[in-house]
Amino acid sequence: AAEEGFDIEEVEGAIEEAGHGPLPVLAVVGRPNVGKSTLVNRIIGRREAVVEDKPGVTRDRVTYEAEWAGRRFKVVDTGGWEQDVLGIDASVAAQAEYAIEAADAVVFVVDAKVGATDTDEAVVRLLRKAGKPVVLCANKVDGPSGEADAAYLWSLGLGEPHPVSALHGRGTGDMLDKVLEALPEAPAQTFGTALGGPRRIALIGRPNVGKSSLLNKVAGEERVVVNELAGTTRDPVDELIELGGVTWKFVDTAGIRKRVHLQQGADYYASLRTAAAVEKAEVAVVLIDASESISVQDQRIVTMAVEAGRAIVVAYNKWDTLDEERRYYLEREIETELGQVAWAPRVNVSAQTGRHMEKLVPAIETALAGWETRVPTGRLNAFLGELVAAHPHPVRGGKQPRILFGTQAGTKPPRFVLFASGFIEAGYRRFVERRLREEFGFEGTPIHISVRVRE
Ligand code: GDP
Ligand code: GDP
């Protein structure tokens with residue numbers, strides 16, 4: 001590294017920064033208008049989330065990456081609340097429940113100026129049941145005079161209320177220090193895997209693509225009785241199913257089976273639920289209804305799994321209904337609409353007839369193997385050396401930026417850091433990614449490539 005003009009500390013720093021596996025998840029919950037989105041904006045340090053209290057605003061994005069005191073984590077924002085047919089308490093509870101399920105720790109936001117309401121109490125009950133670490137945020141304490149209001153929130157029985165002004169930033173640093181104490185270094189779920197627990201699958205897809213049908217088909221008689229597996233603690237919404245001689249955990253099966261008929265807000269709940277399921281899983285099986293045109297919603301769901309950095313399998317369901325014409329158009333649609341996961345193993349299934357069910361597990365295993373692939377540094381650099389020699393970066397402004405060396409900083413998904421002598425253009429980065437895939441596989445996994453440029 002030194003002879004290429006990078007100092008060792010810089011290189012080690014870059015590798016460490018890029019090298020993380022799945023990040024722990026923090027959920028921010030609370031009733032409407034207590035300041036959740038304002039707080040999330042503060043935590044993520046930019047104004048990406050929507051802060052206006054416009055009812056009916058649906059947000060696509062519910063998870064964000066954040067960093068505090070050098071530690072990285074994900075934040076699940078539940079601020080996109082909408083009043084719906086369930087009524088306020090049930091709506092708040094439903095969205096909080098999804099977020100809490102996926103979280104390793106929770107910030108519960110209460111409006112200190114208003115004090116604890118019945119709706120707040122409903123969330124407290126959920127938090128108790130979930131048993132996850134909770135940091136109580138007494139928000140809207142904009143100055144010292146508000147601190148007494150915060151103290152009243154001891155009555156919630158969730159420990160110390162942290163007086164915060166999400167709007168002005170007062171107290172947020174102290175609160176985030178507490179959050180870091182509550183958050184594990186890596187998601188608890190990852191530890192489960194390290195200990196040999198079952199691999200976790202999120203079966204996702206828009207309504208009516210056939211998720212519950214598929215689950216029932218694959219489960220068949222094979223549902224595993226919880227007690228049979230010693231030492232498995234099981235979330236009631238998760239289900240252990242034996243497939244191909246191996247026990248898998250299908251996460252959030254309640255969301256797959258339970259028919260909650262939501263009218264307004266259904267999109268937002270669905271997004272939240274999908275995001276939560278994906279966070280809890282290692283591999284996402286994205287189900288697409290092959291009998292219908294691939295929709296924006298399908299693409300959004302795929303994007304969520306890609307951005308979460310999960311292993312991915314795409315299953316085209318209802319194959320039994322396809323005629324030749326539809327098959328023709330489907331292939332064209334896959335090319336144009338789902339190019340972002342062209343690397344994902346694909347299965348064409350029918351949950352109804354059971355067609356190709358046996359191909360599901362091999363596809364999942366392939367994706368997980370890609371997700372965990374580690375390329376030795378020597379092999380990577382031999383490959384990069386040849387690549388750069390055969391296909392140099394275009395000359396820009398009289399200079400030719402060059403990739404000098406690289407390393408794989410992490411897995412799950414694979415993360416690479418490339419060190420370069422100048423700015424590497426997006427087109428060339430894509431080219432490098434394509435060639436990396438051709439050379440090393442990475443079937444079924446997103447890969448991250450970051451580039452460090454020599455000063
Ligand atoms: P959410 O529905 O819980 O996501 O709440 P928002 O973040 O949208 O905030 C609701 C309203 O409270 C907005 O008008 C915010 O500007 C305001 N708000 C949020 N945090 C604070 C705060 O710390 N102090 C004051 N005075 N207002 C706040
Ligand atoms: P979910 O909302 O994604 O859980 O979808 P469901 O499993 O409830 O399925 C929606 C509808 O599609 C139901 O009427 C199913 O019977 C039907 N369906 C699911 N899978 C298939 C399939 O492979 N072929 C056919 N023809 N219909 C299916």
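The largest nonpolar core has 96 residues, and L26, A27, A99, F108, C137, V286 and V313 have the most contacts inside it. Such a core is a set of buried Ala, Val, Leu, Ile, Met, Phe, Trp, Tyr and Cys residues joined through C-beta atoms within 7 Å; buried means that 20 or more other C-beta atoms, placed from the backbone, lie within 10 Å of a residue's own. Helix α10 (residues 266-280) gives the most to this core, seven residues. A second, separate core has 12 residues, among them L380, L404, V417 and A420.

This is a predicted model, in which local features need pLDDT of at least 70 and side-chain atom pairs count only at pLDDT 80 or more, while totals for chains, interfaces and linings use all residues. Residues are numbered from 1 along each chain as its sequence is written, and chains are lettered from A and ligands numbered from 1 in the order in which they are written.

An open sheet of mixed pairing is formed by six strands in the order β8-β9-β7-β10-β11-β12. Strands are DSSP E runs of at least two residues, helices H or I runs of at least four, numbered from the N terminus; two strands pair if DSSP finds at least two bridges between them. β8 (239-243) and β12 (346-348) stand at the edges with a single partner strand each, so one side of each has no neighbour in the sheet. Strands β7 (residues 199-204) and β10 (residues 283-289) pair in the parallel sense over four bridges, with L203 opposite V285 in β10.

Around ligand 2, helix α8 (residues 211-219) supplies the largest share of the shell, three residues.
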